Amino acid sequence: MTILILEHPRILSSIHFNDIANTPLWSCLMGGYGAAILKESGLQVKFLNAAEKCWDFVKTKEAILEISPSLLSINGIYLWEHTGCFFDFIADLKTSGFNGHINLFGFFPTLAWTKILEKYLQVDSIIVGEHEKTLDDLAKCMENGGTCQDIPGLAMRKENSLIYNNKRQPEVDLDGFSFPARDLEGVSTASILASRGCYNHCSFCPIPTFYNNGPLWRGRSPYNIFKEIKELIDLGIRDFYFVDPNFVGPGKKGKERIIQLAELLAPLEITFGMETRANDLDSRLLESLVKAGLKSLLLGIESGSKKILGKLNKAGSLNTSEKAIGLCRSFGIEPEIGFLMFTPDSSIIDIQENFEFLLRNNLLDRLERTVNLLSHYQIVLKGTAGYNLFKTQGRLEKIGALGFEGEISYADNAVEWLKEVVVHLCRDLLYQMGQADSLIHWQYFDDNKEIFKKINGALVQVFKELLKKSQKGRPFPDPEITKNDMRRFLHGFV
Ligand code: SF4
């Protein structure tokens, strides 16, 4: 029996082209982990990473029809407004003669499994939660000709109803998983997953729900991570990015584990990046990581308002955030910042506090960072605590495929007005920064430093002016006129 694990094509969103919130970063390794466990079990498996190859759905369909697997298992990624194309592709496969079993796994299918199975009859089963062991059971069961209806973690359709017998608890020992299959052609930075889950429960984050709502963080042993990196070095990779939602992990033990890992990595002369919570950093840890090759770091700060940090259930303080930023700089690392300028419960005072926080910590001095920090807003996805709360409050309108996104009514009209104008302006700039013929294309930064600097200064000034306008209260200026005026002003610098 041939099994095909697929990373399906991605389509860039015209609205969310700069948002990565549609799925956690580590999704990119899910297909590879799935293929690896089946290979380890001695099953005949192929891994097609159509996303990495930049294939479209037509080319991917042709490749699948040629392989003609009995089991096609796909890491289903939410593609914002293009999600329908993914389901059209599945339907198209069936009408083109594909008659194997179609299985989905990953964050989006886990969080929307009932809706998907109800609506898309071409999907035969969905793995809910951590996928590897369930996928392995499904493949073995199919090979033995079983019905597969009582596999823990597997949801499927039976006649007119859905079957989902048992949840499957996530694996305790991550070292038991084989290293993920990879397509390294053209890859210079390899993603590595050193841990899974998170011990916190931020209201906007799908990680806790995916792992059965447990405050569950699990780490691989330092030696196991080292072994995988060593194998990749032998294949020519020297730069890595840890895609863990929470790289350091909880408490003293979490830090000690990372220091052990850093000691193993230091002699390898690699470089790497990582993402973590502000409260998990200290100077001993950073010193070890920098010695081991740390060159970039993203801190999940989220807000400069104490009230909003509480609403987001961030379990962090402003003081801790500011200390962490300073600490990174003292080791020569300029941190990237995860930040939500606009949330549905923000007041204009919260936005003012956010702005002051960013200015106070010298975070608005680079256009590519400023444009993100001033415009990011809370995206509310199904399965998160925030989605459920806003729904209960009657403030959520379901949008997107299967209502996977929630549009939330803002508590403060002034914030809503400001968000509309600022997000529009920043998107416009971000779009230009992605255009090869634009003076502010990100690759021209070294040649056009003065232009970048001027636009950055102008953008900060525009935000300040708009904030003042919003503080004056109703009536707010027509957002369309304001957008056009501000856009003309910013374009004057290019
Ligand atoms: S700290 Fe919050 S946002 Fe980050 S992974 Fe944990 S729950 Fe998610």
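This is a predicted model: local features need pLDDT of at least 70, side-chain atom pairs count only at pLDDT 80 or more; totals for chains, interfaces and linings use all residues.
Student: Why is Glu256 called partly exposed?

Tutor: Glu256 has 14 other C-beta atoms within 10 Å. A residue is buried at 20 or more such atoms and exposed at 12 or fewer, and is partly exposed in between. The value of 14 lies in between, so Glu256 is partly exposed.

Student: Where is Glu256 found, and what separates Glu256 from Thr60?

Tutor: Glu256 belongs to helix α9, residues 251-265. The C-alpha atoms of Glu256 and Thr60 are 44 Å apart, and the two residues are 196 residues apart along the chain.

Student: What makes β15 and β16 edge strands?

Tutor: The open sheet has three strands in the order β15-β17-β16, with antiparallel pairing. β15 (380-381) and β16 (396-399) each have a single partner strand, so one side of each is without a neighbour in the sheet.

Student: Which residues surround the ligand, and what makes one of them count as charged?

Tutor: The residues around the ligand are Cys198, Asn200, His201, Cys202, Cys205, Ile207, Pro208, Pro245, Asn246, Arg277 and Gly300. By class, the shell holds six nonpolar, four polar and one charged. Asp, Glu, Lys and Arg count as charged, so Arg277 is the charged residue of this shell.

Student: How is the chain divided, and which residues make the contact between domain 1 and domain 2?

Tutor: The chain is divided into domain 1 (2-164), domain 2 (186-338) and domain 3 (340-494). The C-alpha centres of domain 1 and domain 2 lie 29 Å apart. Their contact takes 10 residues from domain 1 and 11 residues from domain 2. On the domain 1 side, seven are nonpolar, two polar and one charged.

Student: Which residues touch the most other members of the largest nonpolar core?

Tutor: Ile126 and Ile192 do, in a core of 136 residues. Helix α16 (residues 413-433) gives the largest share of this core, 10 residues.

Student: What does Ile126 touch beyond four places away in sequence?

Tutor: Ile126 touches Leu104, Pro109, Trp113, Ile116, Leu117 and Ala155. Contact requires C-beta atoms within 7 Å, so each of these residues meets that cut-off with Ile126.

Note on methods. Residues are numbered from 1 along each chain as its sequence is written. A residue is near a molecule or strand if its C-beta atom, placed from the backbone, lies within 6 Å of it. Domain bounds come from an automatic or database domain assignment. Two residues are in contact if their C-beta atoms, placed from the backbone, lie within 7 Å. A nonpolar core is a set of buried Ala, Val, Leu, Ile, Met, Phe, Trp, Tyr and Cys residues joined through C-beta atoms within 7 Å. Helices (H or I, at least four residues) and strands (E, at least two) are DSSP runs, numbered from the N terminus. Two strands pair if DSSP finds at least two bridges between them.
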